[in-house]
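Student: I would like a close look at one part of this protein. Please take me through it step by step.

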Amino acid sequence: MGRAVTVATCALNQWALDFEGNLERIFRSIDIAKSKGARYRLGPELEICGYGCSDHYYESDTLLHSFQVLEKLLESPATQDIICDVGMPVLHRNVRYNCRVIFLNKKILLIRPKISLANAGNYRELRWFTPWSKARHVEEYFLPRIIQEVTGQETVPFGDAVLATKDTCLGAEICEELWAPNSPHIEMGLDGVEIFTNSSGSHHVLRKAHARVDLVNSATAKNGGIYILANQKGCDGDRLYYDGCAMISMNGETVAQGSQFSLDDVEVLVATLDLEDVRSYRAEISSRNLAASKVNPYPRVKVNFALSCPDDVAVPTCMPIQWRHHSPEEEISLGPACWLWDYLRRSKQAGFLLPLSGGIDSSATACIVYSMCHQVCLAVRNGNADVLADARRIVNDESYIPEDPREFCKRVFTTCYMASENSSQDTCNRAKLLAEQIGSYHINLNIDAAVKAVVGIFSVVTGRTPRFSVYGGSSRESLALQNVQARIRMVLAYLFAQLTLWARGMPGGLLVLGSANVDESLRGYLTKYDCSSADINPIGGISKTDLKNFIQYCIENFQLTALRSIMSAPPTAELEPLVDGQVAQTDEADMGMTYAELSIYGKLRKIAKAGPYSMFCKLINMWKEICTPREVASKVKHFFRMYSVNRHKMTTLTPSYHAENYSPDDNRFDLRPFLYNTSWSWQFRCIDNQVNAL
């Protein structure tokens with residue numbers, strides 16, 4: 001009697017619309033699964049076309065090419081004698097569904113459409129797909145001719161059903177269904193399903209991994225069973241980084257854990273588990289058995305195949321393990337670094353250029369690039385041929401082997417300190433020392449000539465010369481002069497990104513990195529079209545507080561001692577004149593609020609869905625020990641005025657790595673107006689009335 005089943009799940013670095021590459025990675029995962037004895041292989045959500053196709057899902061080409069890839073999979077000898085579970089969009093009766101296509105030995109067993117669609121935050125699945133709303137109902141799906149010619153089938157089951165093999169029963173969930181309050185695994189488990197599968201397209205957010213792990217383990221803790229989760233990994237073409245974490249759990253405990261961050265395009269987890277452990281676990285849960293006796297049964301698709309072998313008594317099975325979570329600082333070090341590597345190799349550029357100011361934000365960005373170089377060298381040392389090939393192409397040297405992170409950094413990373421008459425020697429020295437320690441190719445330049453030329457044009461045309469406020473100018477003049485400096489830096493950053501390698505006799509161009517953090521973006525404390533305008537920004541979704549902790553992590557783990565002085569210096573834009581050679585301008589004084597306060601405002605605004613009045617009501621309790629109600633009211637009003645005045649800047653925000661759930665990214669995550677009535681008269685009057693009452 002077969003009882004030890006061997007199953008495989010995987011994390012694949014798929015790329016939207018890269019049908020050739022996606023197919024190759026799917027084949028590799030199947031080969032690895034079979035070589036390790038697996039009889040069932042689960043892949044990520046929509047793995048054939050890539051999850052992030054967005055409005056390309058509307059195109060018939062996307063459906064056509066997905067079926068062409070499915071045809072290649074079905075007819076290949078590599079997919080024989082293993083149940084393959086792949087994800088792709090399917091049009092059924094002129095309605096588009098997000099589906100799992102499960103097949104065995106050139107026969108499609110079931111097409112299972114997604115029931116609960118993800119439609120919050122970064123997810124917009126209801127824009128492209130329709131949820132399957134017919135519970136425990138199966139219809140006939142008429143296959144395209146190219147598939148009929150391979151399978152010999154005209155129609156296959158389409159709907160909410162489970163698979164009954166010779167030795168067990170499997171039921172599928174798709175990503176969001178695990179997170180739903182009425183997850184299908186509950187009813188499926190009561191109906192005798194022993195193996196639950198979940199194909200996900202779940203992206204990284206700081207401190208999120210534990211929630212996913214807890215959900216998977218709790219899915220089988222109350223009901224018993226085996227839960228297999230696959231996930232996409234990497235950057236598939238936008239702001240998100242899908243963070244793998246493929247896993248297998250049984251009876252509430254993890255038995256196999258995949259990596260959260262790595263440069264491996266294909267990662268396969270295989271586990272052998274004893275079905276009798278599931279049955280004995282369930283046998284003593286009387287409440288579960290009472291509920292199971294009344295459950296409405298699922299349609300079962302019979303499969304003449306077993307996941308176990310007849311003589312498997314001596315087969316060793318997997319034991320529970322303790323899940324190892326990364327600290328937030330490790331997540332910042334690894335997640336954005338992997339995202340940058342994917343972006344660099346897939347954009348076919350030759351490296352990055354970063355305006356390095358000597359402050360915390362640009363220094364943190366530089367450290368992330370340095371961490372990327374560490375990851376590349378580690379992957380090559382571990383035998384990753386894909387990473388080695390990509391590194392050789394990027395540096396244009398077919399014999400190159402990246403062994404030292406600092407040496408590799410020199411080849412792919414250019415940093416540039418852009419001094420003005422308002423810059424201090426301290427920040428210049430900090431930037432230079434950090435560049436030396438990470439190994440970047442460092443440039444020092446002065447922008448004063450360009451600034452004077454631009455201001456000179458204005459003076460010639462108008463006959464007026466603007467002055468800084470410390471020299472008797474108005475606030476308008478001072479702000480305009482600061483913005484000219486900031487925007488000149490952006491123009492020069494792109495010039496040097498395009499031509500620095502040319503000047504050094506090397507091919508290719510560089511991607512410009514931005515370094516505005518999530519709190520500055522929320523407050524709008526940046527110049528529109530300054531150095532915050534770049535190709536991509538690895539820290540745009542990370543708070544100042546987390547970045548400071550990350551800097552400390554880099555001091556300890558990368559031995560970057562230059563960061564100590566950067567940590568101790570007050571954040572400053574250095575756009576106003578120095579006083580006695582020292583910086584007089586600081587970020588928090590300019591903003592009228594601290595970075596710690598900004599993080600709180602951001603979380604209340606986005607995560608707690610608080611408008612001005614609700615935020616005031618929450619903060620008078622949170623801050624009752626440090627602020628009077630009138631002081632809280634003043635702070636809340638100032639934040640909302642500044643936020644609404646500057647919201648237009650979010651429409652041009654550089655695409656940033658998504659890491660925080662209070663990100664103000666206007667692209668699709670935080671959809672708000674960008675022309676506000678900035679007086680907030682009604683809302684502020686409600687606050688004032690409450691202050692007076694208190």
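This is a predicted model: local features need pLDDT of at least 70, side-chain atom pairs count only at pLDDT 80 or more; totals for chains, interfaces and linings use all residues.

What distance separates the centres of domain 1 and domain 3, taken over C-alpha atoms?

Tutor: The centres of domain 1 and domain 3 lie 40 Å apart, taken over C-alpha atoms. The contact uses 13 residues from domain 1 and 12 residues from domain 3. For orientation, the chain is divided into domain 1 (4–302), domain 2 (328–590) and domain 3 (592–693).

Now go to the second largest pocket. Domain 1 and domain 3 each supply at least three residues to the lining of this pocket. The space in the second largest pocket comes to about 530 Å³. Its lining holds 19 residues. Those nearest the centre are Ala120, Gly121, Asn122, Tyr123 and Asn661. Two elements give two or more residues to this lining: helix H5 (176–179) and helix H21 (595–607). By class, the lining of the second largest pocket splits into eight nonpolar, seven polar and four charged residues.

Across the whole structure, the search finds five cavities of 30 Å³ or more. The largest cavity has a volume of about 110 Å³. Its lining is made of 16 residues. Tyr51, Gly52, Asn122, Trp128 and Arg668 lie nearest the centre of the largest cavity. Look again at Asn122: this residue is also among those nearest the centre of the second largest pocket. The lining of the largest cavity counts nine nonpolar, three polar and four charged residues.

The second largest cavity holds about 70 Å³ of space. Tyr40, Asp85, Ile102, Leu110, Ala161, Val162, Leu163, Leu170, Gly171, Ala172 and Thr197 line the second largest cavity. Strand S8 (162–164) and strand S9 (169–174) are the elements that give two or more residues to this lining. S9 gives the most, with three residues. The lining of the second largest cavity has eight nonpolar residues, two polar and one charged.

One last stop: a helix pair. Helix H11 (residues 360–381) and helix H13 (residues 405–412) have axes that come within 9 Å. These axes cross at roughly 120°. The crossing of H11 and H13 is right-handed. From H11, the contact takes Tyr370, Met372, Cys373, His374, Val376 and Cys377. From H13, Pro405, Arg406, Phe408, Cys409 and Val412 meet them. By class, the residues of this contact are nine nonpolar, one polar and one charged.

To recap, start from the 40 Å between the centres of domain 1 and domain 3. Then find the second largest pocket, whose lining draws on both of these domains. Asn122 is one of the residues nearest its centre, and Asn122 also lies among those nearest the centre of the largest cavity.

Technical notes:
Residues are numbered from 1 along each chain as its sequence is written. Side-chain values use heavy atoms; hydrogens and water are left out. Axes are lines fitted to C-alpha atoms, for helices over the stretch in contact, and angles run from 0 to 180 degrees between N-to-C directions. Helices (H or I, at least four residues) and strands (E, at least two) are DSSP runs, numbered from the N terminus. A crossing is left-handed if the near helix is turned anticlockwise from the far one by less than a right angle, and right-handed if clockwise. Contact means heavy atoms within 4.5 Å. Ala, Val, Leu, Ile, Met, Phe, Trp, Tyr, Cys and Pro count as nonpolar, Asp, Glu, Lys and Arg as charged, and the others, Gly among them, as polar. On a 1 Å grid over the protein atoms alone, a cavity is a set of points where a 1.4 Å probe fits but cannot get out, and a pocket is an open set with protein on both sides within 12 Å along at least five of seven lines; lining residues have an atom within 4 Å of a point. Grid points are joined across faces, edges and corners, and a volume is the space filled by probe spheres set on the points. Domain bounds come from an automatic or database domain assignment.
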